[in-house]
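Open the model in your viewer and keep the selection tool ready.

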Amino acid sequence: MPHHGNEEEHGSSESRRDAEQRENEPQKPIIHDNRKVDPKTGQARHPDQEQHADSGDALSQAEDILNSVEVPAADSVAQGAGGAEAEELRNDLRRLQAEYVNYRKRVERDRAVAGEMAVIGVLNSLLPVLDDVDAARQHGDLTDGPFAAIAAKLENALKTYGLVRIDETGVEFDPTIHEALIQQPGTDVEIDTVSQVLRSGYKSGDRVLRAAQVIVAVPA
């Protein structure tokens, strides 16, 4: 049976009808599952945590990725330049990782020093208070009562921060922790010896906050 008309026009008219039908059809809504609890497992969803859970050290991950790249033996000669470039990248990553480790150690060391200096600053500001406590104790004002208890609590609290009193007598004179105000001949001493402490000194760890003012007995 002969076909009247152009087949191409007939096909194009059908395509247009199909396109018009698709346009007239209602679009199905797109549903996003934003529920915070997985309906299957019953566990809470944490998109941010899942995204960054395995982030780890970026430098280590990059190095692992490069180390995991394997060049086939057949292509190793042809891709010699690529292998050299990968090795150069590995060396750069190792240098960056070493710099990062050194930077982290330096930051931790600086943070520790800053904390130590802050404690020392507080201790230095309280030394005059401790001098007043010593003077009151020598005058018998802190033998008993609430002020004696408060003074004891203050001294014990400062000991927890490493504060150590320098007030020993009968020990060898040490210019690093003692300040000699008076020297006098001493009996039965063979070396310079601290005979009396006029004002207590203090130190925190190996750092001397204030030298003790003492009277030194020297060999006659």
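Why does L198 count as partly exposed? Select L198: its relative accessibility is 41%, so it falls in the partly exposed class (buried is under 20% relative accessible area, exposed over 50%, partly exposed in between; 1.4 Å probe, protein chains only). This is a predicted model, where local features need pLDDT of at least 70, side-chain atom pairs count only at pLDDT 80 or more, and totals for chains, interfaces and linings use all residues. Residues are numbered from 1 along each chain as its sequence is written, and side-chain values use heavy atoms, with hydrogens and water left out.

Now show strand 3, residues 193-199, which holds L198 (strands are DSSP E runs of at least two residues, helices H or I runs of at least four, numbered from the N terminus).

Zoom out to the whole chain. Six helices and six strands make up its secondary structure. The order from the N terminus is α-α-α-α-α-α-β-β-β-β-β-β. Of its 220 residues, 17% are buried.

Next, select the lining of the largest pocket: D131, D134, A135, R137, Q138, R165, D167, V197, L198, R199 and S200. A pocket here is an open set of points on a 1 Å grid over the protein atoms alone, where a 1.4 Å probe fits, with protein on both sides within 12 Å along at least five of seven lines; lining residues have an atom within 4 Å of a point. Helix 5 (80-138) and strand 3 each give two or more residues to this lining. Helix 5 gives the most, with five. The space inside is about 220 Å³, taken as the volume filled by probe spheres set on points joined across faces, edges and corners.
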